[in-house]
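Hi everyone, thanks for making time.

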Amino acid sequence: MSSAPTPASETDRWTVQRILEWTAGFLKQKGVESPRLEAELLLAFARKCPRIRLYTDFTEPLSDEQRAVMRELVQRRAKREPLAYLVGTREFYGRSFEVGPGVLIPRPETETLIDVCLERIPSDTASHVVEVGFGSGCISITLARQRPQCHVTATDISSTAMSIASRNVDRHAVKDRVVLMQGDCLEPLLNSGMRFDGLVSNPPYIREDERDSLQPEVAMHEPAEALFAGTDGLDVVRRLIQQAPGILKPGAFLALELDPSQCAEVTTLVSAAGFTTARVHRDLAGLDRIVEATFQG
Ligand SMILES: C[S@@+](CC[C@H](N)C(=O)[O-])C[C@H]1O[C@@H](n2cnc3c(N)ncnc32)[C@H](O)[C@@H]1O
């Protein structure tokens, strides 16, 4: 390992315990949150074993290959590359999704968006939902897996998202019920004549002037088009709300993830666009996060 503590002598062995302690200390110096947990996740990835196994292997030495893999992972993580990009997956709603540079890493608050949608999607009858901004595909795929009668059509402007989400659709065996389209907002669907039972989106919603206050993992590594949406963060949301009546059935639901500061304004916007019973849901941290409404038709 370079530019960091080294073993007292060359004859000291890099055991699992030792490398964990060293890595946690190094990542802490570099400003990484939860350095011990991340050290364990990286080492489990390098050793191709479950994290829990590290504890039974505490005194085992690492092979040369494992040390080489770990060295590179730690150096990249110290440069604040997100852990999920390094290991290539992230858990969302109890399932593992492929992620990589070019798609947003699924966030825990988006699980609240799923819960809101599941309340509105019947489990015993067919329905058709549309998602805008599928990214890794985590929302569309989770809805399809949780509601076996639900079909989802989803759009994203990013070609990288298209590649990664397609692989996640295969990984979770929902190819027959999740259709991905590359395009801008709802444009690919506006002249299709299709009408949907619900519209869900976790759109880009960060204000341009917040760029400097973001964690390096986000600002330097996650795709800008997944994060930023103009001076008030609502550029994409406004277009979505304006286009939505053209593709929704009367009684369809709308569920949008937002920044807590935007929920009140978006509630007003959706009411003005023909939606009723707009309500705000809080995420697990207790913050206003989701606006849910019903299209009057
Ligand atoms: C915040 S990310 C959400 C990704 C994923 N749905 C999730 O929740 O993890 C927003 C996504 O919207 C996409 N996006 C941005 N502008 C868009 C637009 N005008 N039309 C369609 N997709 C857009 C981005 O490429 C990105 O994948």
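Arginine 18 lies over the face of tryptophan 14, 5.7 Å from the ring centre; a charge counts as over a ring if NZ of Lys or CZ of Arg is within 6 Å of the ring centre and within 35 degrees of the ring normal. Arginine 211 does this too, with its charged end over the ring of phenylalanine 228 at 4.1 Å from the centre.

A quick word on the source: this is a predicted model, where local features need pLDDT of at least 70 and side-chain atom pairs count only at pLDDT 80 or more, while totals for chains, interfaces and linings use all residues. Residues are numbered from 1 along each chain as its sequence is written, and side-chain values use heavy atoms, leaving out hydrogens and water.

Now, how many aromatic pairs does a search of the whole structure find? Six, where rings of Phe, Tyr and Trp (its six-membered ring) pair if their centres lie within 6.5 Å, with planes under 30 degrees apart stacked, over 60 edge-to-face and the rest tilted. Tryptophan 14 and tryptophan 22 have ring centres 6.0 Å apart and planes at 85°, so that pair is edge-to-face. Tryptophan 22 and phenylalanine 26 have centres 5.0 Å apart and planes at 25°, so they are stacked. Trp14, Trp22 and Phe26 form one aromatic cluster.
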